[in-house]
Amino acid sequence: MQLIKYPERAEWGAILKRPSFDGSSLEEKVKLILREVNNNGDDALRKFTRQFDGVDIKELAASQMEIDESGSRLDDGLKAAIAQAYANIKKFHQAQLQDSISVETMPGIRCWRKSVGIGKVGLYIPGGSAPLFSTVLMLGIPAAIAGCKEIILCTPPDQNGGIHPAILYTAGLIGIKSIYKVGGVQAIAAMAYGTETVPAVYKIFGPGNQFVTCAKQLVQREGIAIDMPAGPSEICVLADESADPAFVAADLLSQAEHGVDSQVVLVSDSADLIDRSWKEVDDQLKSLPRRSIAEKCLEHAKMILVKGMNEAIELVNEYAPEHLIISCKDDEGIASRIENAGSVFLGNYAPESVGDYASGTNHVLPTNGFAKSFSGLNVDSFLKKITYQKLTPDGLRQIAVTVISMAEGENLQGHANAVKIRMKKLP
């Protein structure tokens, strides 16, 4: 980790800048895959699954039998954990639903808004070394609550051509039946364009590597909506002298084991806390199964010592982290001043991992500074808001002069005439 002491404000931009890479060659590779799937459908999906996953897939869709039998391949403890997480996440997201609003803006003019679930949504669930069945909960539950009529799920097959039973079981628990053994760029292409087996959707959700992220951004240019811009996962721990160094270290390492490109930042006004936390990181790192990944990540991690908590808060807001842990005496007071963060964890007993799995909040969050302008995934992400208005004859009378004046002021006589013609025929 790099220790940075008392940086001047002019240096913050350089210190907090995320690593960048030349995406031009990546984009060209992704475009080729998108184009081939668009042109050749299922044949292209099978070709790229052989090429990238090393598996020959005959049936791209998971059968209902595979879904039904998945629970028998999991131990009861894991199924109980999934059930608890399901209940908490559903409870928190169910509370996000809002009743339709109806307002009489003037006598005889009624405006209202209704939420409608997006008709067809696609969920991408990463597989590989970490089959993220927790992400099935995070995407599938709000989609179901929103009332999306068609929910499809794509995830890479394992070496036997199957899907991890926890992913199948969790999807079945939510009620998702359209599950496909397709991963990577080809999965995004399938959901964007549709194939003989995989239906096209209106919006694509889910995290992924740089190839998946690039594919989502490219299909967005073609009119397919995506959940949010994404990048490598990141954590910022804001700690004062009251923090437990062992807790701080554990939180930093929980993020570092995600991947070598994960972002890990510690901000504190206590040099002693930083020093003790780093020693704890060194000790705890030795026992991590994914130690080599964490070590590579920590090579570009940063510990930033600041002059006081006010400066620390300003620096954190400038960084806009995906995950922010506030391990400070006045955690709630500090949290009230945080404007830019994906998800915030308060106090010494709220590790990021509880939000990743089971507390109830969503773990699909904006990264790469996009927390300045984007929210984390929620029920609204799966909804459209349609507005309505209805006018009585008296309502039109009251607003006619206003509308005609504004339309003519913009030289849009046709707009004005739409009101004038009606005015002549009012009862």
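A crossover counts as right-handed if, with the strands pointing away from the viewer, the path from the first strand over the helix to the second runs clockwise. That is what turns up here: strand 5, helix 6 (residues 165–174) and strand 6 form a right-handed β-α-β unit. Helices (H or I, at least four residues) and strands (E, at least two) are DSSP runs, numbered from the N terminus. The model is a predicted one, where local features need pLDDT of at least 70, side-chain atom pairs count only at pLDDT 80 or more, and totals for chains, interfaces and linings use all residues. Residues are numbered from 1 along each chain as its sequence is written, and side-chain values use heavy atoms, with hydrogens and water left out.

Five strands make an open sheet in the order 6-5-4-7-8, with parallel pairing; two strands pair if DSSP finds at least two bridges between them. Strand 6 (178–181) and strand 8 (225–226) sit at the edges, each pairing on one side only. Helix 7 (residues 184–193) packs on the sheet and touches strand 4, strand 5 and strand 7 (203–205), contact being heavy atoms within 4.5 Å.

Strand 5 (residues 150–155) runs parallel to strand 4 (residues 120–124), and five bridges join the two. Here G122 stands opposite I152, while Y124 has C154 as its bridge partner. Four bridges link strand 5 to strand 6, also in parallel, and C154 stands opposite Y180 of strand 6.

Definitions and conventions: Axes are lines fitted to C-alpha atoms, for helices over the stretch in contact, and angles run from 0 to 180 degrees between N-to-C directions.
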